[in-house]
Each structure stands twice: as structure tokens, then as C-alpha cells.
Amino acid sequence: MPDQILKEVRDIFASVFQDEDIMISGNTTSQDIEDWDSLNNMHLIIAIEKKYNIRFAFGEMASLVNVGSLIGLIEQKIS
Amino acid sequence: MAIVHEIISPKSNADKAMLVRKLYFSNNDYVRKGDELVDLETSKTAIILDTQIEGYIEYKIGEGDSISVGVVVICIHDEKFEEVIVKNLGDISLDDKIISHVAQRYIKKNSIDVLGINKNFITLSDVRKNLGIIQEGETVEDLIETVRHPIGLAKKVEIEALLNVQSGSLISTISIDVNAIELNKNNSLFSSTNDSYLPIIIHEVSKLLRKYPALNSFYQNNHIYEYIDINIGVALDIDDGLKVYNIRECDDKDLDEIKDLLARGVYSYLRKELTIKEITETTFTITDLSQYGVSNFIPLVNSHQSAILGVSAVDKALKRFSLSLSFDHRVTEGKSVSMFLSDLAKNIEQCVINNKI
């Protein structure tokens, strides 16, 4: 399941950052992607919410440290 | 055949008119209870009208029309009704009428009956007036072919708000450069303000407005009205039109609170969930175009305000960014504004340094 979510989240990253070849892993952080600014940040959140029909609370978002923790949170919300 | 139900454009708190965005059916289609019939747009929100009565629909409006509140927009008939007979241009006797090229195209495209227009030379304005799309006195470009896009009500409100100040006042703009000291980034994946000076700017502006209250004021009828509260409006224009998100009583908030509120505002904007309360009653506006790489610009002062601050992009070579303050000369003057900007630049730099420690 996490691998499937990682693949789907990668597709969302590719769309938001307009980079079809973008590579992400569980360890990826906002420091690893040059265009990851505050606006793309919000676009990512909204796109992920739409994809999985979930909503993040602000406290939840603040606690995420990398893509791995994001995927963990998505998994928790859709299960 | 009878009209069994009439649907009226609803009253709006904010507007006297609304825009027709989308019709979901065609005339004489059969509609059932609960069917959504039309999308209307006010300056603040979208409204979908549905029907509680079944029958055959007759629209009294067209997509793109600007309509008043409280008028009949849809009739529901108990059986199919006879539509007004329309004639194609080919059916019209043009013996005694000259129709402009643009009007001809419009008539053909929309199958409009122009026999009722009692003029020998028919322009596009005449056709549109005859249809009630535009009012007497309004004109449209008849000589050059154009594509007409209706302006949304939100844009109309924006134009009115900006015109109120710009057309009747003495607006001036002063800029200052701020040293772009590198920001202290945190480890949160979704820290929305990692890369932006905006929260710090909002924080420092709100504190400084207590010292420069003229910039938190507005001019009206030979009086200057000074706001008690400091409500900083942050202009957001991403993919849902320009909205000014209000951080209320901003001077009472610390930097972390402002970061959090700003992120929530952008989040709500993108979700199209900003409430009326969140986009009204601002007393000072900040508009940040730094994401678009601009080096300097002149922002326009909003209605019932005396100043607006524009934030430009960081010049990476020179390690600085520009702040531009447009202000109403009836309320304050260049010397005070220069002092405000000088204080602001120093305070921003100091705040960045303090937050790095």
C-alpha cells in the first residue's frame, strides 16, 4: 500500500512541479526540490486532498517532516 | 398551457446584480424536482438555483448576462411552450435595412430576430439592446470585431474599490530596498512560509502602524478616519481571482501566529472556502508579487484605505528586495512614508536576524 501511495504522490508532485521525471522517496523533504515554495506547497496539499478525498488538519501538516511521514498520514486517513 | 412556477434571482447581501455563469438545460427541456438549473455568481460567492416544481423550463436569461436581484429568471411551464419565433438572417428582408458586418455575424450565430429593430442601420449595440443584454446609453465596439467576455462581479467590485481611491485622490508611491538576509528554514515538510519574507513583513508592518496611524486610515469628505484596529489584508490572486485575506488585529499577534494564519488563508483560498468575514474589513493591504520575479511595481490603494505595500522578488545577485508603498497624499505625505519605510526595512532585517538565533 505505501508503495502504491508513493507512486500516486509522485504523480501529484510531477503535476504540481511540472516535471514528469521528478523522483521522490520517503526521505524527500522540501529542501530537496528547488521549486518547492510556499505556493507549490499549498497546491500539493490541495491536490493530495482531492486525490484521496481527505482533509488535513493544520497541526497534522506542521508535524510532517518528509514524504514518508506524508504517506503514513495519507495511509492512516484512507484506511 | 400555463406557467406553474417562477424562479427569482435571490437577494444578495453584497450585490445588486449577479452574473449568469451557466445554464444546465435548454428551453423546453423537462426538469424534475431538485434539478440544478443555473449557476449565478455574486462578487462573493456562487449560487446554484434548483427547482422544486417539475415541468418544462423557460430561461429568461442567457449565459454571461448580468442580471438584477429579485427578477424572474426562469419559468416552469406545465407543458411545452411555443418559443419566440426566430428568423435566420437569410429569412430577413434587407431591402430597407443595413446591418453592420459584426452585427450580421452575431445575428447569424445566435439566430436572432432583428425585424423588431426599428432602424435602417443596425449595429451590434442595437441588437444587444433589443435583446436586453445592454442598456440604453451603453455602447459596444461595432467597427472592429471583438470577443466579448463578461466581467465577473468580483472583478467589478475590485474595479469600483480601486477607482474610488485612485480617481479622486492624490496617490504617490515610494520604494525602499531591504537586505535579503537568508531565512531560517525549519524542518517541517509543509512549512508554508519557509521561503517567504511575507509573514515577517506582515508582522513588522502591523507593529509599525501604531507609530504611523495615518497609514491605517482613510480620507472621506474632508476628514481623516483613523482605524482603531489594525487588520492587515493580504492580497491573494492564485487561481480564484483577487481576494484580500484579512488578518484581524494583526498587531496583537506574534510571528508564529501570523505564519499560521497566513498559511490557513492561502489554504482556504485554494479550497475556495474563504468566508465573507475573512475577506472584508481590512485596514491596510499588502500585495506580494515576489513569486513572479518582479523587481518593482506600483500597487493601487484600496477603497477606504490610505496605503498599500507591495513586495517584490529578491534580487539574488544583490541580495535585496524592494518594498513599494503607495499612499493617499490627502492623508499623509512623502516624509512620513519615507520614515515608515526606513523603520520597516530596519525592523524586517532585525526580525530575520532574531529568528535565526
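The exercises below work through helices and strands in chains A and B of a predicted model.

Residues are numbered from 1 along each chain as its sequence is written, while chains are lettered from A and ligands numbered from 1 in the order in which they are written. Because the model is predicted, local features need pLDDT of at least 70 and side-chain atom pairs count only at pLDDT 80 or more, whereas totals for chains, interfaces and linings use all residues.

**Exercise 1.** State which elements chain A has and what share of its residues is buried.

Solution. Helices (H or I, at least four residues) and strands (E, at least two) are DSSP runs, numbered from the N terminus. Chain A has 4 helices and 0 strands. Read from the N terminus, the order is α-α-α-α. A residue is buried if 20 or more other C-beta atoms, placed from the backbone, lie within 10 Å of its own; 12 or fewer make it exposed, and anything in between partly exposed. Of the 79 residues in chain A, 29% are buried.

**Exercise 2.** Describe how helix 1 of chain A packs on helix 2 of chain A.

Solution. Begin with the geometry. Helix 1 (residues 2-16) and helix 2 (residues 38-52) of chain A pack at about 135°, and their axes are 10 Å apart. Axes are lines fitted to C-alpha atoms, for helices over the stretch in contact, and angles run from 0 to 180 degrees between N-to-C directions. That angle makes helix 1 of chain A oblique to helix 2 of chain A; under 35 degrees counts as roughly parallel, over 145 as roughly antiparallel, 65 to 115 as roughly perpendicular and the rest as oblique.

Next, list the contacts, for which C-beta atoms placed from the backbone must lie within 7 Å. Glu8(A), Val9(A), Ile12(A), Ser15(A) and Val16(A) in helix 1 of chain A meet residues of helix 2 of chain A, including His43(A), Leu44(A) and Ile48(A).

**Exercise 3.** Explain why Leu44(A) counts as buried, and name what it touches.

Solution. Leu44(A) lies in helix 2 of chain A. Leu44(A) is buried because 21 other C-beta atoms are within 10 Å. Leaving out residues up to four places away in sequence, Leu44(A) touches Ile12(A) and Val16(A). Between Leu44(A) and Ile12(A) there are 32 residues of sequence separation, yet their C-alpha atoms are 7.1 Å apart.

**Exercise 4.** Identify two antiparallel partners of strand 8 of chain B.

Solution. One partner of strand 8 (residues 72-77) is strand 1 (residues 3-8) of chain B, over 5 bridges. In this pair, Ile8(B) is opposite Val72(B). Another partner is strand 6 (residues 55-59) of chain B, over 4 bridges. Here Tyr56(B) has His77(B) as its bridge partner.

Methods:
Two strands pair if DSSP finds at least two bridges between them. Two residues are in contact if their C-beta atoms, placed from the backbone, lie within 7 Å.
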